[in-house]
Amino acid sequence: MATPVNTKELDQMYRLESDRVQRYYVWDAVVRVSHWVNVVAVAIMIYTGFKIGGALGPSGTAGTFNMATYRNWHFVFGVVFTVNGLFRAYWFFAGHTYRQWFRFNFWRADYWREVWWKIKDYITLRYEDYESYTLGHNALASLSYSAVFLCALFMALTGFSMWGQLIPGGFLNTLFGWVMPLFGGETHVRMLHRLGMWFIIAFMIHHITFVFYVEVYREKGMLSSMITGLKTRPLGWKPTEKPWVQAKKKSA
């Protein structure tokens with residue numbers, strides 16, 4: 001026989017839990033909206049890219065979704081992704097305090113110590129302590145997002161250069177025509193464009209997997225923070241400047 005739920009006790013428990021934490025507004029509306037715009041745009045570009053390349057079977061020449069349609073959708077969401085990325089790059093400098101990937105002090109030795117420390121955490125799946133030592137991105141995350149941003153820039157350049165080949169002398173061909181000879185012609189550009197897609201897919205798999213992992217095992221509210229903008233920390237929480245030092249002291 002099931003035990004009846006005491007709603008008053010549950011309400012009191014939730015109130016006590018909320019009294020023991022404080023919430024920080026970390027991701028502003030621009031960051032959150034641009035994140036989800038990217039999710040939709042990248043998902044559609046990956047799907048249409050597979051269809052264009054024939055990896056999901058022939059798209060055919062008849063019906064609503066033929067090859068031309070897939071190419072057009074790929075181009076439209078490539079433009080959406082590019083405009084969104086350019087505005088996000090602007091917001092990197094002009095937006096809210098935590099809009100930045102701002103542990104990117106790559107000229108400091110401590111930055112690379114933190115990167116190596118986080119790599120070991122990812123490899124060993126150790127999330128016992130110091131996962132929440134900063135409200136923003138850790139050093140490894142900032143390095144990864146910078147690599148993804150450069151890859152996205154490369155994808156835009158190669159994508160628009162290939163599209164420009166359809167209209168020789170047109171606007172896109174004039175603006176991005178230099179990309180083709182730089183990378184050895186259309187065949188090489190197409191191959192590199194596809195390799196860039198696989199890099200983005202690999203990043204997405206890692207990103208989604210570890211967001212859920214950390215959400216379940218350590219940092220509650222991390223997943224919802226990209227919807228609400230809020231991150232939760234215990235009362236009295238303070239950021240840790242050199243968490244790897246604290247971790248060594250504890251394990252000693």
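Helices (H or I, at least four residues) and strands (E, at least two) are DSSP runs, numbered from the N terminus. Ile46 lies in helix H2. The model is predicted: local features need pLDDT of at least 70, side-chain atom pairs count only at pLDDT 80 or more, and totals for chains, interfaces and linings use all residues. Residues are numbered from 1 along each chain as its sequence is written, and side-chain values use heavy atoms, with hydrogens and water left out.

Ile46 is buried, with a relative accessible area of 15%; buried means under 20%, exposed over 50% and partly exposed in between, with a 1.4 Å probe and protein chains only. Leaving aside residues up to four places away in sequence, Ile46 touches Met197, Ile201 and Met204, where contact means heavy atoms within 4.5 Å. Its C-alpha atom is separated by 9.3 Å from that of Trp198, 152 residues apart along the chain.

The two helix pairs are set out below. Axes are lines fitted to C-alpha atoms, for helices over the stretch in contact, and angles run from 0 to 180 degrees between N-to-C directions.

| Pair | Angle | Axes |
|---|---|---|
| H2 (residues 29-53) and H8 (residues 186-217) | roughly 135° | within 11 Å |
| H3 (residues 67-94) and H5 (residues 139-164) | about 140° | 10 Å apart |

H2 and H8 are therefore oblique to each other. Angles under 35 degrees count as roughly parallel, over 145 as roughly antiparallel, 65 to 115 as roughly perpendicular and the rest as oblique. In this contact, His35, Val42, Ile46, Phe50 and Gly53 of H2 meet Arg194, Met197, Trp198, Ile200, Ile201, Met204 and His207 of H8. These residues divide into eight nonpolar, three polar and one charged. Ala, Val, Leu, Ile, Met, Phe, Trp, Tyr, Cys and Pro count as nonpolar, Asp, Glu, Lys and Arg as charged, and the others, Gly among them, as polar.

H3 and H5 are oblique to each other as well. From H3, residues including Arg71, Phe75, Gly78 and Phe81 take part in the contact, and from H5, Phe149, Ala152, Ala156, Phe160 and Trp163. The contact of H3 with H5 holds nine nonpolar, four polar and one charged residue.

How confident is the prediction, and what is the mean pLDDT of the chain? The mean is 80, and 78% of the residues reach 70 or more; pLDDT is the predictor's confidence in each residue, from 0 to 100. Over residues 1-17 pLDDT stays under 50, and the model has one contact beyond four places in sequence for them. Where pLDDT is low, the predicted coordinates should not be read in detail.
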